[in-house]
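User: I have a model open and want to go through it with you. Can we take it piece by piece?
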Amino acid sequence: MKGARLDMPRWGMVIDLDKCTACQACVVACQVENNVAFMGPSEAQRGRAIFWMKLAAFPEGKFPESKVRFMPMPCMHCDDPPCAKVCPVDATNITPDGIVRQIFSRCIGCRYCTTACPYTRRYFNWYKPEWPGESSMALNPDVSVRPKGVVEKCTLCHHRLQNAREKAISEKRPLAPGEYIPACVESCPPKAMYFGDLDDPNSEVAQLSRSSRAFRLLEELGTKPKVIYLREGERSGVNRS
Amino acid sequence: MKLDRRRFLFLSGGVATGAATGRLSLKAIGAFNEALAPEMGAFPGDEKFADSICRMCPGGCGVRVRTVGDRPVKIDGNPLYPVNRSGVCPRGQALLQWLYHPDRVMRPQIRNGEKGWESVSWDKALQLMAAKLDKVSSAKQKRVVAVSGRGAGLTRKLFARFLHASGANMLFSLPTGMETSEHALQLMAGRTNGGSERMAYDLENSSCVLNFGCDLLEGWGTPAHTLRVFGQWRDTNRAKRTTLIHFDSKLSISAARADQWVPTRPGTLGTAALGIAFVLLSENLYDGEFVDDNVFGFNDWTDTAGRSHVGFRTLVREEYRLSRVSELTGIPPATLVKIAREFAAGRGAVAIGPTQSPGQPGKLSDAMAIHSLNALVGNIGARGGVALVPTDGWELPADARGTEVTLSSSMEALETSLAGSPEVLILDQAESLLDLLSAAQREKLRQIPFVVTITTLQDSTTSYATLILPDCTSLESWVDGQAPTAYPHEVLSISEPVIAPRGESKPFGDTLLSLAKIMGGSITAALPWKDLPEVLQASSRRVAQNKRGYLFGTEVDEHWQRLLERGGWWTSDWTSEEQFWTGIKENGGWWDPVSWAAEPQRSFPTPSGRFELYSHRLEEWLRQQGKGAFSGTVRDWDRQVLPHSDEVLVSADSERFPLLLHPSDQLPFFGNNGQEIAYLQQISSLYGGMEWQRWVELSPEDSHERGIESGDLVWVESAVGKVRRVALVVEGSTPGTVIAPRTGNPTTGRWAVHGEQRLADILVPVLDPVLKTRSSMATYVNIYKA
């Protein structure tokens with residue numbers, strides 16, 4: 001029922017690929033915000049670095065018609081998430097407001113979910129995270145550090161929602177639009193990322209999601225992703241949402 | 001027995017296997033697991049937000065720092081800071097990894113023969129340095145060479161004044177890459193007497209951008225500003241989408257994200273620009289009014305001695321016919337025609353370039369050819385165009401003795417100084433210098449008896465040092481900021497320290513003031529201030545007297561201020577110097593958001609009073625260099641002065657070296673530093689697998705021919721040397737050209753890969769025939785399996 005929407009938003013993200021500069025500020029912002037462990041040379045070269053948000057680059061075509069397409073990829077926060085279905089311990093599930101969360105402490109490291117995710121947006125901690133020297137001083141106290149042997153992924157900066165909600169409750173008011181946004185969206189220098197309530201027809205994300213440029217990744221699988229991309233615009237055309 | 005998480009999982013393994021289908025018992029394990037997890041620590045303190053300025057690159061964006069219990073835990077853009085307005089690039093996001101880097105230099109250190117590094121007190125370190133400088137200056141020889149990789153600002157000015165006072169030594173700053181284009185514009189549009197102007201683009205309002213080889217999205221200008229402008233070009237709230245056309249031989253991120261990538265043969269960017277000019281002239285698409293009234297050297301002309309000269313129009317129509325341009329550049333004529341028509345279609349079109357990066361300042365002739373396009377469409381000084389604007393950075397209050405600061409950004413002069421066996425070398429945040437020097441030149445650095453390095457991290461300069469003075473990040477000190485390269489407005493900003501310096505590190509500005517005090521006499525008199533805030537306050541007085549501009553405000557404020565100014569109003573945000581000082585500290589800065597005019601500039605400080613396609617200053621310069629004296633025909637002479645295209649690629653044995661190598665710059669390591677930061681290393685490899693390494697990108701065609709696959713170790717050999725790299729085959733990249741990042745893994749610190757040769761070791765520099773600047777734009781190489 002639409003009326004219930006006011007109490008329960010459905011959080012979603014829109015990424016305008018036309019405005020994306022492939023700068024990866026979102027990637028680093030996410031890692032800093034969420035205490036994602038970094039890897040030294042040997043582990044990184046084995047592909048074990050963890051990216052809750054990852055910039056995928058797809059070179060295509062032959063010279064001189066060649067092109068590279070870029071796509072920032074967080075967890076798609078599917079409305080029908082395949083990962084949650086296979087988790088034997090309910091360490092990953094979908095909240096009523098649509099966030100596919102990951103409860104690190106409950107995870108037993110079976111990695112069924114990493115196999116099930118068609119977007120490969122889940123990472124397994126092969127190592128105990130190391131924070132050499134003073135580097136642990138920069139850890140965000142709002143986010144727990146994951147031990148070796150658990151799976152992690154984008155939580156849409158769920159802790160930010162909790163903080164914002166607590167603040168709103170303590171001030172006896174509803175959560176205002178824009179009060180909760182994930183770190184990646186906040187950081188984006190060309191402002192190519194939007195975040196908000198997809199169920200609020202007046203929200204920017206809801207409007208952009210209805211754009212003729214909008215598409216979702218692997219929609220045919222029926223996962224119903226809540227990360228919506230806008231494909232590139234037309235040269236010297238009129239800017240169109 | 002202590003039951004920890006691992007032990008528990010091990011014990012429960014049997015249960016889990018037995019109950020693979022029994023979700024219930026697995027859930028019970030999960031729940032138990034959850035119960036065993038350590039409690040999250042209590043919230044360690046209050047959350048606060050403080051503003052600062054990022055100094056990861058010379059751009060200096062405004063940042064907002066989230067601190068919890070006085071520890072900075074997150075960096076984001078400051079929405080009030082006009083340059084970046086809330087976004088920061090990945091470099092800025094990684095600022096905390098720099099602040100808390102495990103290889104931070106925490107106290108002064110001195111090299112003690114075989115014993116290695118020894119920590120010393122600040123007193124001892126400064127005494128030692130002062131004694132050394134005293135000794136050298138009393139010998140009355142200019143045996144001190146100082147290099148600063150720091151961006152423009154008060155600290156660099158303090159350093160320059162200190163060097164001047166302590167023996168008339170010169171400070172070298174590392175090039176930004178904009179110098180050649182700026183020089184070209186100064187020759188053509190003139191510079192005021194004694195004034196210092198910088199080149200700026202009003203890109204935010206450009207409608208069509210022809211980019212000749214600039215890596216716009218890989219760190220050009222000020223990254224966060226350029227990235228923000230790119231987003232605005234394609235913002236759905238703006239009616240018309242800005243067209244971006246990229247000319248370059250390599251398929252970079254900037255090329256891929258442009259509306260059109262025009263593959264252009266290396267070394268022919270100026271020729272391509274003149275090809276566009278040819279179309280503008282032959283189809284009569286240029287701004288006739290501006291050209292007729294305000295441009296000199298367009299038509300054929302006769303000088304005072306009665307000699308007739310060839311004009312730009314004649315030269316281009318005769319020598320840059322489309323067929324010839326197409327043959328030289330590899331661009332189809334139809335493409336040039338289409339682009340030229342689009343370029344001339346409306347107001348606000350701008351041409352930028354040639355390649356503007358510290359290692360590749362480009363050719364003067366190319367830069368003049370590109371600026372001639374800007375003149376043809378009448379956008380010099382106009383909205384969306386290019387102009388010379390006053391450089392109004394923070395100024396040190398005048399020295400009582402009237403000594404002026406000497407600063408040079410000439411790499412050639414620096415190399416000459418280094419070759420002259422200096423006694424003392426001071427490297428101030430100058431890691432990127434090492435990527436601009438050849439192996440032989442770097443070896444020479446090791447022979448300098450006393451090398452001081454001012455650095456925050458153990459970086460490649462520390463391996464050359466005798467004395468290390470630990471510097472601070474911008475979060476630990478007072479910082480001043482100013483309008484960065486290419487930014488269209490005047491900006492002066494300031495911020496207080498967010499936290500105390502780590503360990504015993506000290507802001508270099510304070511180190512200089514302490515040193516000046518120790519050295520006494522005229523040096524103390526030249527730098528009389530107690531500390532950095534005192535310097536800043538003294539400098540702010542001059543700005544306070546400027547009756548214009550505003551303290552930083554929101555974007556809404558900015559629009560309102562512009563509206564007021566259009567109506568002829570200006571309301572002062574301050575009434576006294578003290579009020580200005582308090583205001584600028586609170587708001588973070590002052591700026592003058594003046595709108596660029598819709599009409600082009602009409603008067604120019606050149607000998608002719610017009611924009612000069614035939615530059616009298618260049619003519620004079622060429623004569624002084626002995627190039628003139630009309631040795632050839634007048635036409636030959638005119639060709640040298642007018643925008644033209646010089647072939648300057650160093651040719652090589654095409655049998656031995658069939659491939660053309662381009663050094664590339666990457667946003668994470670913009671300005672050739674930041675390699676020590678793990679989060680930046682992790683995003684350095686776009687196609688994955690090359691993190692913490694140095695690699696070379698080949699086309700599928702070239703790699704197939706050589707039996708090379710991605711991941712193979714290969715030798716990259718040029719006429720001057722060879723280096724080992726990891727091969728990366730990139731689909732769709734240009735056959736015949738290879739791309740190698742200028743930098744890569746760190747060479748010092750805990751993640752160092754030792755013995756890695758630098759790309760500079762194989763680059764054959766190209767000398768600009770006029771400016772004599774060195775550019776390493778492309779080098780012929782061969783690649784084979786190692």
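User: What stands opposite Val14(A) in S8(A)?

Analyst: Tyr194(A) does. Keep in mind that this is a predicted model. The two strands involved are S1 of chain A, residues 11-16, and S8(A), which pair in the antiparallel sense over 5 bridges.

User: Which sheet is that in, and what is the strand order?

Analyst: An open sheet of 4 strands, ordered S8-S1-S10-S9 in chain A, with mixed pairing. S8 (193-197) and S9 (214-215) of chain A have a single partner strand each, so one side of each lacks a neighbour in the sheet.

User: Switching to the contact between the chains. How many residues of chain A are in contact with chain B?

Analyst: 82 residues of chain A, and they meet 81 residues of chain B. The two chains bury about 6800 Å² between them. Carbon and sulfur atoms account for 56% of that area.

User: How many salt bridges are there between chain A and chain B?

Analyst: The count is 7. One salt bridge joins the side chains of Glu232(A) and Arg257(B), at 3.0 Å from N to O.

User: Which strands does S6(B) pair with?

Analyst: S18 of chain B, residues 424-428, in the parallel sense over 5 bridges. There, Ala146(B) has Ile426(B) as its bridge partner. S6(B) also pairs with S7 of chain B, residues 171-173, again parallel, over 3 bridges.

User: How does the chain get from S6(B) to S7(B)?

Analyst: Through helix H6 of chain B, residues 154-165. This β-α-β crossover is right-handed.

User: What about the sheet with S9 and S15 in chain B: what is its order?

Analyst: S11-S10-S9-S15, an open sheet of 4 strands with parallel pairing. S11 (260-263) and S15 (349-352) of chain B are the edge strands, so each has one side without a neighbour in the sheet. On average, neighbouring strands of this sheet are turned by 15° against each other, direction ignored. S9 of chain B, residues 208-212, pairs with S15(B) over 4 bridges. Val209(B) has Val350(B) as its bridge partner there.

User: Why is H8(B) called largely enclosed?

Analyst: Because 11 of its 11 residues, 223-233, are buried. Among them are His225(B), Arg228(B) and Trp233(B). The cover on these buried residues includes S9, S10 (243-248), H9 (253-257) and H21 (555-566) of chain B.

User: Back to charges. How many salt bridges over all chains?

Analyst: The whole structure has 55. Take Glu476(B) and Arg104(B), whose closest N and O atoms are 3.0 Å apart. The pair links distant parts of the chain, 372 residues apart. Glu476(B) and Arg104(B) are both buried.

User: What does Asp471(B) meet in a salt bridge?

Analyst: Arg150(B), at 2.9 Å from N to O. Asp471(B) is in the loop between S20 and S21 of chain B, and Arg150(B) in the loop between S6 and H6 of chain B, so the pair ties together parts 321 residues apart in sequence. Both residues, Asp471(B) and Arg150(B), are buried.

User: And Lys530(B): buried or exposed?

Analyst: Exposed, with a relative accessible area of 57%. Lys530(B) forms a salt bridge with Glu534(B), the closest N and O atoms being 3.9 Å apart. Glu534(B) counts as partly exposed at 32%.

How values were computed. Residues are numbered from 1 along each chain as its sequence is written. Chains are lettered from A and ligands numbered from 1 in the order in which they are written. This is a predicted model: local features need pLDDT of at least 70, side-chain atom pairs count only at pLDDT 80 or more; totals for chains, interfaces and linings use all residues. Side-chain values use heavy atoms; hydrogens and water are left out. Two strands pair if DSSP finds at least two bridges between them. A crossover is right-handed if, with the strands pointing away from the viewer, the path from the first strand over the helix to the second runs clockwise. Axes are lines fitted to C-alpha atoms, for helices over the stretch in contact, and angles run from 0 to 180 degrees between N-to-C directions. Contact means heavy atoms within 4.5 Å. Buried area is the accessible area (1.4 Å probe) that two parts lose on being put together, summed over both. A salt bridge is a side-chain nitrogen of Lys or Arg within 4 Å of a carboxyl oxygen of Asp or Glu. Buried means under 20% relative accessible area, exposed over 50%, partly exposed in between (1.4 Å probe, protein chains only).
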